[in-house]
Amino acid sequence: MSTARTELVAAAARLAELGLSPGSSGNVSVREGEEIVMSPTGADLAALDAERLSVLDDAGTLLAGPRASKEFPLHRAFYRRDPAFTAIVHLHSACASAVSCLAPWSERSALPPITPYFVMRVGQTPLVPYADPGDPAQAESIERLAWPFRAALLANHGLVVAGRTVAEALDAAIELEEASKLLLLLGDRPIRTLEESDAVRLGERYGSPWGG
């Protein structure tokens, strides 16, 4: 059994433990060569089995394991955007889902640079227009966006993040949920964000996309 699959199962369990995957919602994946290994449809992230994951090729053909989540196109879209991405997390966590129902802060990011850690670990996070779950049109929207990003909010739906490792994707998903929670806690109060120059500098220092 590959290390990546073991790490993926552990990360999924951690997300469930934190309450970020209510019921059987959410899905996770890793890329292994030309194949994408992901959680099966309807799976409980708290109880994934590294030997019972869905294995697909880039076209979405099931090569092994149970039927994959219908959100496969979202995962493939991020893998196609950047060959450095090897892990994807998609969640319906409460705070990020709530922010996905709000107007975005800007064209390039649904959330402002509210903390240095949001910029460092997540970066600009566009709000992708609504489409029904599993609709390939939403994945196509992600692929078409011209600026760099490794996370997105899906309108009225939830979050999706990519990482160069499973650990990086896990950290980014948790940080995006926390930044969303902070934004909701602030409510209608005037928000003092990081200066754009500070956000750009942090992004450059930590290899996180902001403003490019």
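**A colleague's note on the predicted model**

1. Let's start with Ala 103, which is exposed, with a relative accessible area of 67% (exposed means over 50%, buried under 20% and partly exposed in between, with a 1.4 Å probe and protein chains only). Ala 103 sits in the loop between α3 (94-99) and α4 (116-121). From Ala 103 to Glu 175 there are 72 residues in sequence and 20 Å in space, C-alpha to C-alpha.

2. A word on the basis: this is a predicted model, where local features need pLDDT of at least 70, side-chain atom pairs count only at pLDDT 80 or more, and totals for chains, interfaces and linings use all residues. Residues are numbered from 1 along each chain as its sequence is written, and side-chain values use heavy atoms, with hydrogens and water left out.

3. On to the overall fold: the protein has seven helices and eight strands (DSSP runs numbered from the N terminus, helices being H or I of at least four residues and strands E of at least two). Its radius of gyration is 16 Å, close to the 17 Å from the globule rule for 212 residues, so the protein is as compact as a globular protein of that length (taken over C-alpha atoms; the rule is 2.2 Å times the number of residues to the power 0.38).

4. Along the principal axes, the C-alpha atoms fill a box of roughly 50 × 30 × 30 Å. Buried residues make up 50% of the 212.

5. Finally, contacts (heavy atoms within 4.5 Å): of those between residues at least 6 apart in sequence, 65% join residues at least 24 apart.
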